[in-house]
Amino acid sequence: MNRHVPSSHVLVDETRRPAPAGCADAPAAPGAGPSVRAERGQREVFCGLTGIIWMHRKIQDAFFLIVGSRTCAHLMQSAAGVMIFAEPRFATAIIDDRDLAGIADANDELDACVERLLARRPDIKMLFLVGSCPSEVIKLDLARAAQRLSAQFLPDVRVLAYSGSGIETTFTQGEDACLASLVPTLPRAEPQTKELLVVGALADVVEDQFARSFAALGIPARFLPMRKAGDLPPVGEGTRMLLAQPFLADTARALEARGATRLPAPFPLGVEGTTAWLKAAADEFGVDPALFERVTAPMIARGRAALERDRARLAGRRIFFFPDSQLEVPIARFLNRELGMELVEVGTPYLHRQHMAEELALLPDGLSIVEGQHVDRQLDRCREAAPDITVCGLGLANPLEAEGLATKWSIELLFTPIHGYDQAADLSGLFARPLVRREKLKV
C-alpha cells in the first residue's frame with residue numbers, strides 16, 4: 001500500500017445502485033402541488049468522495065485518508081487539482097495488486113500508513129478513513145480498522161471511517177456519511193439542556209452570520225460539523241436540530257436516535273427560505289415575534305434589494321435541473337418564487353419527502369420533479385424543452401454547451417457560500433452569469 005498526496009474529485013457513472021424504497025411514482029392531483037415521479041436508469045452524478053473537497057476545509061484539524069484503488073487516486077488528483085497549492089489535509093492510500101491478491105496483509109499496511117502519517121503530521125486531531133470502494137472490493141473493513149486505530153491513538157487522534165464509494169454514495173452523500181460517522185462520538189447533553197444544533201457544512205462566513213443571528217434572538221446554538229475536532233457539540237433529548245443542507249438523511253436519523261428533535265423548515269436559501277428557517281428556531285425557543293422582526297427586518301430588506309438586479313435578468317427564463325447535489329428542490333423554489341424563473345423539470349438524486357415537505361409546499365402545482373435519473377431520456381426532454389439554463393454535472397455541461405444550451409455546474413452550488421440573507425444575491429448571480437456570458441459572446 002503506497003501513499004501519496006493528491007486532490008480529490010470524481011465523475012461517477014452510477015448504474016448499479018438499487019432503487020431505494022418509497023420512491024414509487026406519485027403524480028399529484030390538480031392543485032395538490034408538484035408532481036413527483038421516480039426514474040431509474042443510467043445516472044451521471046459525482047460520487048461521495050467529492051465531499052472531502054469542502055469537508056476538509058471545514059474541520060480544520062481533520063485529515064481524510066482515502067483508501068482505495070489507483071484509479072480512484074488518479075481521478076481524485078485530476079478532478080480537484082487546484083488543491084495541490086493548499087496545505088494538504090487529504091491523501092490516498094492505494095490498494096495495490098498484491099494487497100488485493102491477499103499477498104500482503106492490508107490491515108498491517110494501513111496501520112503502518114497511518115502511523116507514518118500521524119508521526120509526520122502531529123497537527124492532525126481527527127482522521128477519517130474514507131473507502132473509495134466497498135469493503136468487498138478493497139478487502140478491508142474500515143470501520144473495524146478505525147476502532148483499532150482509535151484505541152491506539154486516542155486521546156491525541158480520533159479515527160473514524162465512512163464510505164465515499166461511487167457504488168454506495170452519490171456526490172453530497174459523502175458529507176452525510178462523514179457527519180453520520182461523527183454522531184456516535186458526540187458527548188451526551190444533559191436532558192434539561194435545550195440547545196439548537198445546526199447540522200450541515202456551511203462556509204465559515206455564513207456560519208458566523210447565523211451564529212450572530214441566533215445570538216441576537218437569544219437562541220443557544222451549536223454547529224455540526226465543528227471547526228475543531230475537539231469541539232464536538234453535545235446532543236441529547238433537549239437538542240433541537242435544524243438542517244442547513246437537504247442531503248443529510250443518515251445524519252439526521254442518527255441524531256434523532258440520540259434524542260435530537262428535527263425542526264421542520266425550508267432550507268436557508270434565499271431571503272424567504274432563510275427567514276422561514278430562522279423562524280422555525282425562533283418559534284421553538286419562544287422568541288418574541290417583535291424581537292424576531294427587529295433582528296431579521298434589516299437583513300430581509302438588504303437581501304431583497306440585492307436580488308433586484310438578477311431578478312430583472314432571470315424573471316421569465318426557463319430552467320431545467322439534472323440531478324446531482326440534492327440541492328435542486330430548494331434552489332428551484334428560490335429561483336421560482338424570488339426571481340420569477342419558470343421551472344421546466346427538477347431532477348434530484350433522492351427526495352426525502354419528510355425533510356422536503358416544507359419545500360414541496362412552496363413549489364408550483366404541476367411542476368415535474370424527477371427522483372433518480374435515466375440520463376438518455378432526461379437529455380431528450382431537456383433538448384426538446386430547450387431551456388434558457390440547464391443545471392447539471394460537469395460530465396454533461398460541455399456536450400450541452402456544444403449543443404447551444406447555457407449550463408450551470410451543480411458542483412458550484414457546493415463550493416460557493418449560498419446560504420443566508422447576504423448570500424442570496426451570490427446564489428442568484430450563479431444563474432445570471434451564464435446568460436450574461438452568452439450575451440457577451442454573441443457575434
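Across which strands does helix α17 lie? I found that α17 (residues 424-441) lies across β13, β16 (389-392) and β17, and that it runs at about 140° to β17. I noted that this is a predicted model, in which local features need pLDDT of at least 70 and side-chain atom pairs count only at pLDDT 80 or more, while totals for chains, interfaces and linings use all residues. Residues are numbered from 1 along each chain as its sequence is written, and side-chain values use heavy atoms, with hydrogens and water left out.

For names I used DSSP runs numbered from the N terminus, helices being H or I of at least four residues and strands E of at least two. Angles run from 0 to 180 degrees between N-to-C directions, with axes as lines fitted to C-alpha atoms, for helices over the stretch in contact.

Sheet. I looked up the strand order and found an open sheet of six strands, β3-β15-β14-β13-β16-β17, with parallel pairing (two strands pair if DSSP finds at least two bridges between them). β3 (35-40) and β17 (407-409) stand at the edges with a single partner strand each, so one side of each is left without a neighbour in the sheet. Between β13 (residues 318-321) and β14 (residues 342-348) I found four bridges, and Arg318 has Glu342 as its bridge partner in β14.

Helix pair. I then turned to α11 (residues 289-314), whose axis comes within 9 Å of that of α17, the two crossing at roughly 35°. The contact (heavy atoms within 4.5 Å) includes Ala306 and Leu307 of α11 and Phe431 and Leu435 of α17.

Points are joined across faces, edges and corners, and a volume is the space filled by probe spheres set on them. I counted one cavity of 30 Å³ or more, and the largest holds about 40 Å³ of space, with Trp277 and His355 among its lining residues. The second largest pocket has a volume of about 270 Å³, and of its 15 lining residues the closest to the centre are Trp54, Ala201, Leu202, Ala203 and Leu414.

Terms used: 1 Å grid on protein atoms, 1.4 Å probe; cavity = no way out; pocket = protein on both sides within 12 Å on 5 of 7 lines; lining within 4 Å.
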